[in-house]
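Hello,

Here is the structure we spoke about handing over. My notes follow below it.

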Amino acid sequence: MEEIQSQSDPYRSSSSSASSPASRVPSSNFFYLRKPGAFRQPISFEDSPVWDETDIEVKVDEGGDSIHAATTPHSPSLSKINSGSLPSPRLPEETGVTRKILGASIAWKDLTVTIKGKRKYSDKVVKSSHGCTLPGTMTVIMGPAKSGKSTLLRALAGRLPDSARMYGEVFVNGTKMHMPYGSYGYVDRETTLIGSLTVREFLYYSALLQLPGFFCQKRSVVEDAIDAMSLGDYANNLIGGHCYMKGLRSGERRRVSIARELVMGPHILFIDEPLYRLDSVSALLMMVTLKKLANSGCTLIFTIYQSSTEVFGLFDRICLLSNGKTLFFGETLACLQHFSNAGFPCPIMQSPSDHFLRAINTEFDRIIAMCKSWQDDHGDLSSVSMDTAVAIRTLEATYRSSADAAAVESMIMKLTEKEGPYLKSKGMAGNATRVAVLTWRSLLIMSREWRYYWLRLILYMLLAVCIGTVFSGLGHSLSSVMTRVAAIFVFVSFTSLLGVASLPAQLKEIKIYTCEESNQHSGAFVFLLGQLFASIPFLFLISISSSLVFYFLIGLRNEFSLLMYFVLNFFACLLVNEGLLLLIASIWQNIFWSILSFVFIHVIMMLSAGFFRIRSALPGPVWMYPISYIAFHTYSIQGLLENEYVGTSFAVGQVRNISGYEALENIYDISDYRNAKWKNLLVLFLMAVAYKVVVFILLKFCIWKNLSVRKLFLCNQNSMNRR
């Protein structure tokens, strides 16, 4: 300990003289340090001067990102304004009565989390963490990148990945962690919203997916969530996205993602980086809104990387992490006192969070080394010469022996010695209700997403016109058989290949499913059924429009039953193609590799479909078995040719006729059995079901997360997203 103290003396001498409380000038940025005492006791301001004769009153527009400041004379002393925390912006006043939420206490002791391969030097991501939080409070987990903030949050929420191992104990209301469905909400750092829905529609469909009961009973819950997150001015606005030029800004979108979890009325709300990608105004409005939510009784725990001075003043408790170690846990002002006691007082004109991260972020050591190399040319740079490793060791040792650590231990003991009320689940919506909601929501999205659905319909019709005009005027002679086979092959192959246009929509649906499934709002089975039922009308519309154009331009047999089979065959072909595309998108979840794989698989299927070479003549080991039997093009083309030629005959000269089967004998393999086309149609529908089953297995058991090929190609992307 003496060695640590001696190593930190240079920084103390350079900063304590300028930053000590005795030498500071009273101002609105003045931070007053708490006298050592019991946990949760108010800060003492016995020796604090009175503010100047101006007071900052902050008003936040309901539902907006604009903040108006006004000065009012005759302000009271600092102790009268806020005796327990830093000066905070005034919360927005509500016109109605705020709905109270029964919060819950959480306590954790000696919590250690290990994830194999997560860190370079150690598998321990969180190391012996202690802490607690109470109802109606905001607890923030702060620290530099890769300090274990998100891992600790997931551990408290019970959402660690399968590769993680947790040691220690977590208590909820005095009992070992048990949080049933609906008792807590978790908001990831990046969530997927549906841009083609309004805020009210999005939250209403989320409520239908989560809550049991009648539809009309959930509108009040949605309105409560909108009011809680100050979204009243944006309730009827489209969320926006890549299909729309203008939508909600990042601040409102972030609040919508939080409101989605509030429709269940959770007792505890976990938020990973609520200020992620927000500007200073949006960040302050977000935290003021969350403070209002905490005042209603909800327990809030969230992570944060850095905050402004105003935002810092809204926190009740702070858990400071560095490399998985807890350097402090307690009230926000006590953290300033802790740094001052350790010899690292916060300078007057610096934000507390900036100062904390400056002291414990080891990345600053690189800047120090760079500054030392420039010191000869650019003067003295001793102000940035603090060794972060020394600061971390000093802060950790000081905290372990401090009264704050003892107060936390005492509070944890009080919270765990007696069991409180169990958190109860409000139930969940049934699978039939969820399928109906997902189907109707997908249909609504399809009607509005013109780029991915209606434009695709136009492309299919244009392609059918192009192919039909190229192969028009063939007649019904024997010489036209081969050209008509080529026309059918081109139509089936090219229209199937055009299905790649729906890939962005498929990827977005999978992202939405992943987000909803992580919070148990949806499941693999209901997702696939809803997606299937919603796609049937659209695919049938494509099949009818494209088939009619192609059928009559080519001049196929003019019989209604034959036309209907053509439509059904093409519809089944599109259904199989959608299943294949969904399978590829589920595996990669990346647009580049999905397009590459989809096009490559289609080219292979086209080569083995029996047009370029009769299937019976294909090389046996690979092309005939199994590729030609896997290619759905084979069954679709075979069924369409059997529909057109089986039962027909062609005159050869004046005395001889040959059947349609004989005419195709050396061109394409078909069966002379009259009902063989229905067998091919059945095979197509079975293939569509088989693809859905494979996708269900991938989504249900999360096999796609462990695919080694996917990890190989996406390793760079995953490493950038790791924390």
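**Notes on the structure**

N519 sits in the loop that connects α18 (503-518) to α19 (524-554). Please keep in mind throughout that this is a predicted model.

Is N519 buried or exposed? Its relative accessible area is 12%, and the cut-off for buried is under 20%, so N519 counts as buried. As for what surrounds N519, once neighbours within four places in sequence are set aside, the residues in contact with it are R159, Y181, Y186 and E261. With R159 there is also a polar contact, side chain to side chain, at 2.7 Å.

Next, the strands. β3 pairs with strand β4 (residues 124-133) through 6 bridges, and the two run antiparallel. In that pairing, T114 is opposite K124 of β4. β3 also pairs with strand β6 (residues 164-172), again in the antiparallel sense, over 8 bridges. Here W108 is opposite V170 of β6.

On cysteines, how many disulfides does a search of the whole structure find? The count is 0. Take C319 as an example: the closest cysteine sulfur to its own is that of C335, at 9.9 Å. A disulfide needs the two sulfur atoms within 2.5 Å, so the C319 sulfur is too far from that of C335 for a bond. C319 is buried, because its relative accessible area is 0%. C515 is buried as well, because its relative accessibility is 12%.

Last, the database annotation. The UniProt entry, which is unreviewed, lists "transmembrane region" for residues 453-475, 481-503, 524-554, 560-584, 591-614 and 681-703. I looked at two of these spans in the model:

- Residues 453-475 are 78% helix and 0% strand, with 35 Å between the end C-alpha atoms.
- Residues 524-554 are 100% helix and 0% strand, with 42 Å between the end C-alpha atoms.

Regards

Terms used. Residues numbered from 1 in each chain as written. Predicted model: local features only at pLDDT ≥ 70, side-chain atom pairs only at ≥ 80, totals over all residues. Heavy atoms only, no water. Pairing = 2+ DSSP bridges. Helix = DSSP H or I, 4+ residues; strand = E, 2+ residues; numbered from the N terminus. Buried < 20%, exposed > 50% of the residue type's maximum accessible area, 1.4 Å probe, protein only. Polar contact = N/O pair within 3.5 Å; in protein donor to acceptor, adjacent residues only side chain to side chain. Contact = heavy atoms within 4.5 Å. UniProt positions renumbered as here; feature names shortened; annotations may be inferred.
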